[in-house]
Amino acid sequence: MSVSSALLSRRVAGGSCRLWCVIPSPRPLIHVRSASVAEPGRRRSNEEQLWEAAGYLPFTRARIGPFFQENPVLKNPFVEDALLRGYLKRHIPQEVILSDLCAFGEHVAKEVDGWGRECEVNPPRLVHFDPWGRRVDHIVTSHAWKRMKDLSAQEGLVAIGYERSFGEWSRVYQMSKLYLFSPSSGLYTCPLAMTDGAAKVIQSLGVSWPVEDAYSRLTTRHPERFWTSGQWMTERQGGSDVASGTETVAVPQTDGSYKLHGFKWFTSATDADMTLTLARVQDKTGATIPGSKGLSLFYAEVSRDEDGRLRGIEVQRLKDKLGTRQMPTAELLLDGLPARRLSEEGRGVSSIANMLTITRIHNSVSAAAAMRRVLQLARDYATRRTTFGKLLKDHPLHMQTLARMEVESRGAFLLVMDVCRLLGREESGVATEHDAHLLRLLTPVVKLYTGKQAVAVVSEGLESFGGQGYIEDTGLPGILRDAQVLSIWEGTTNVLSLDVLRCVARSSGMVLHAYFSHTKSLLAGASSVSSLAPAVTAVGGALCELEEFVQVAATRAPSYLELAARDLAYSLARIYTGALLIDHACWKGASPSDTYAALRWCEQDLCPVARNQRRGHYDSNTSLDAALVFDQSIQG
């Protein structure tokens, strides 16, 4: 009798008939090699010895089977991104840029991505007191976080935008590099965004004392001199409403400086070397001016006295956040923080407008980068994971899902890069009035739309890894947690939608005129390309619907447009993105995939504001929305 027959007989004789009793012929069992098959001090049973003698080991304790899933591999994100390479070859085909980005992409994949993971698993911590009881408020960050700072300087991740070695395309070059860096940066792109924004504000107000040295440090390539900047605007009442929510006061000093007193509820990159912040100047009686007219912009350096105490700052606590855990974010009490006023008194809000433009564009770059990164990993995983007898890449439904994500990612990238192009034109002095209007309109649009896209696409991306997408130590869930901040920071979707309306009103509609004019010019360039005809027709039709909506809305009460604001912003984004995809598919180096992406994008509802207008969504009594939300009634 064979060993397997003996085992079967023992089971039947014992009255414990199990599944294998009814199998007509024995199935081959998997042989699992194990260095240790029994716990120390435990004697194997006769049955186990029979199994082992036959070379068959069941799944018990340490024996977990022979299959281990290969993890997705991050390859050079520049080499792996055909759209990025195509876009750059079309617009700035300079070998020095392409070579730099390729080398940087290799560095990101081989080394920097590991630093980013270290920042995630070793988040910042706050040490309030030294061993002898002295208050020090030290924010301790990982070694990798410090390496990110040096790398940022060496690679010119801020400097490129201010050196302007490539004229109007310098911002596209800079943001392309940040696009490669962002998903691996351990969120270091956040302090870089605020650093870039601070440099932009200083530049716009005039690079002179007391911020001349600070500007030099913010834009240097030398790590030993490089500074990052914080952005300490948000207070307990504030959020986006800084006009009524800012309580911090600035007390004038005899030397012309100020001391700031107040509580900053949310300060990003709190380990920065300097910061820009808003406060209300007190007069001799201690009174301040309410509203935005009372706000001024101040510059302050973060420093310590001879005893190691922060000058004029107490760190109350670090924020415990859903994502962005790599970056120190804190509540600060400003208790006599030395500062200098940068803006004219009462012109603080208008002075930070340039900062918001920069940080919102950085936010959008991070959103597009998160989408691209999860797709690159999902694509690689699809060539490694076998299920139901074949690789994921050979399952048409899986490929359809990834293709839909790819279309969203491509649309986001082109939308972001076009805004970067407009910024570069403005900064290099070649922008037309038309360009300036378009930049003003599209900045809030690109931020609000890509922020929502990123959450949806990254969530779908995690699902493409199955259960592993939900396991923290794969590093994948962190991509989704970090993406969630993108629709919140620097203005939520609704706040930015209302900003779009303000932009239209303040320009007397000129921003919309620029939008319609440029979109039509993009479509005109594709009028003779037959393969793109369905997409051109779809975008053209949606553009007409949008124009009709604007004409109707102009005759209605302000509340009508306010209700439509979110759908209007989405329509502006989808139509313009469709036109950009069509335009990119027309250039001589375009691939069939560029055409296919344009066609697929334009299959969706490009003008939701027109559809909802026809349904009367903006005419209805808004009290019905409130009644629905707060409905507590029980029928019957």
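**Close-up views of a predicted model**

**View 1. Tyr-87, Tyr-179 and Phe-413 form one aromatic cluster.** The model is predicted: local features need pLDDT of at least 70, side-chain atom pairs count only at pLDDT 80 or more, and totals for chains, interfaces and linings use all residues. Residues are numbered from 1 along each chain as its sequence is written, and side-chain values use heavy atoms, with hydrogens and water left out. Rings of Phe, Tyr and Trp (its six-membered ring) pair if their centres lie within 6.5 Å; planes under 30 degrees apart are stacked, over 60 edge-to-face and the rest tilted.

**View 2. Tyr-449 and Tyr-570 make an edge-to-face pair.** The whole structure holds 15 aromatic pairs. In this one the ring centres are 5.3 Å apart and the planes stand at 90°. Tyr-449 belongs to helix α14 and Tyr-570 to helix α19, so the pair ties together parts 121 residues apart in sequence. Helices are DSSP runs of H or I, at least four residues, and strands runs of E, at least two, numbered from the N terminus. Tyr-449 is buried, with a relative accessible area of 5%; buried means under 20%, exposed over 50%, partly exposed in between (1.4 Å probe, protein chains only). Tyr-570 is also buried, at 15%.

**View 3. Phe-549 and Tyr-618 pair edge-to-face.** The centres are 6.3 Å apart, with 75° between the planes. Phe-549 lies in helix α18 and Tyr-618 in the loop between α21 and α22, 69 residues apart. Relative accessibility is 0% for Phe-549 and 6% for Tyr-618.
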